[in-house]
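The stops below take you from the surface to the inside and on to the charged pairs.

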Amino acid sequence: MPRITYEGAAYECGAGETVLDCLTAQGIAIPSSCRSGACQSCLMRALGGSVPEVAQTGLKPTLVAQGYFKACSCKPTEDLSVALPDAASLKLPALVVSIEPLNPDIVAVRLRPARPLDYRAGQFIRLYRDAQQSRCYSLASVPQLEEDVLEIHVRQIPGGRVSSWVHQELRAGDKVEIADSAGLCFYVPGQPEQPLLLLGTGSGLAPLYGIVRDALCQGHRGSVWLYHGSLSPAGLFRAADLTVLAQAYPNFHYVPCISEGEVPPGMRQGNVLEVALADQADFTSWRVFLCGHPDMVKEGKLQIFLAGAASAEIYADPFLPSGAVLPLQS
Ligand SMILES: Cc1cc2nc3c(=O)[nH]c(=O)nc-3n(C[C@H](O)[C@H](O)[C@H](O)COP(=O)(O)OP(=O)(O)OC[C@H]3O[C@@H](n4cnc5c(N)ncnc54)[C@H](O)[C@@H]3O)c2cc1C
């Protein structure tokens, strides 16, 4: 049984147990959030021994080179000596420039980091409430368009520790800490004629709003379909901007979808997945982005794959709640 050495003490790590499970079972506080390899809140550093490759999937090469790994994805096969990250090297101070309501539940928070962040629209950052509590929020901003300001969209979860703090306590002018961008849900140029499908519910629009503007900005010529779902019209946001964008770019189509009650003209009845599948039966050769509610993302991945999209062309960011105990993502 491999042993994990942490702050001078060694602990046996059971078969199939992760470093995160092993240390938290000993009462050691290791920051974590999604616990499924997505959010990188549980980053640790290997000081001795090597970690399985899967524990470093999706990390920037600079982090891999320094021995960082995701404790929730690391089932060690040999003895490891580990430490928490040097917080100063990962965190970045940022100023809250503005907080603006987008709909009754979601605010747009604009942040100016102390140094420019190297990121792609659609990736996510971590926002810290304090040393122990941080959450992932996707980037709606586009580096080429909003040079020094990052924009995130935060939905208030009733009783949510970080989202309620953002909604009720955080103010323009406050100083916060964020952690570097991460995630694989972003536009990669190189196939400008490829059709793109973007599906999102609620605050899942945030990364898609970034990705779609990034793609169009980079000269994407293939058709781009963005479906944004909400229970009612009041839940939609950035609709006017997206309508203007669709007028400016004939290859871009914005489809707001309403799943309950009366549907105003120009909007579609149903959830995003049903509406997209009704519009297009075959997604062979499409690139697909799915963001937002984990159930929609899971079902969307399956249905769009069955409708022909290659799994390597499906990029997904389920907005997993902190503490979710879910199977590791592939
Ligand atoms: C990769 C990634 C990107 C994300 N991007 C965004 C984003 O752009 N915008 C955004 O608003 N959120 C996003 N999230 C979710 C976000 O990180 C937090 O999980 C969310 O804000 C709740 O945190 P909290 O501290 O307020 O709630 P917590 O204190 O962590 O949870 C409080 C309670 O609410 C439950 N809960 C948490 N989330 C939900 C939910 N969605 N629906 C119902 N119950 C819930 C929890 O299980 C718990 O019981 C993202 C998550 C991931 C993993």
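**Stop 1: a surface patch**

Select Leu302, Phe305 and Leu306: they make a nonpolar surface patch of about 310 Å². Patches join nonpolar side chains (Val, Leu, Ile, Met, Phe, Trp, Tyr) within 5 Å, from residues with over 30% relative accessible area and no salt bridge. Areas come from the Shrake-Rupley method with a 1.4 Å probe, and only the protein chains shown count as cover. Leu306 is found in helix α8, residues 294–306.

This is a predicted model: local features need pLDDT of at least 70, side-chain atom pairs count only at pLDDT 80 or more, and totals for chains, interfaces and linings use all residues. Residues are numbered from 1 along each chain as its sequence is written, and side-chain values use heavy atoms, without hydrogens and water.

**Stop 2: the charged pairs**

The whole structure holds 11 salt bridges (a side-chain nitrogen of Lys or Arg within 4 Å of a carboxyl oxygen of Asp or Glu). Select Arg110 and Glu151: their closest N and O atoms are 2.9 Å apart. Arg110 lies in strand β7 and Glu151 in strand β10 (residues 150–155), so the pair ties together parts 41 residues apart in sequence. Strands are DSSP runs of E, at least two residues; helices are runs of H or I, at least four; both are numbered from the N terminus.

Next, select Arg221 and Glu193. This salt bridge has its closest N and O atoms 2.8 Å apart.

Methods:
Patch = residues over 30% accessible without salt bridge, like charges linked within 9 Å, V, L, I, M, F, W, Y side chains within 5 Å.
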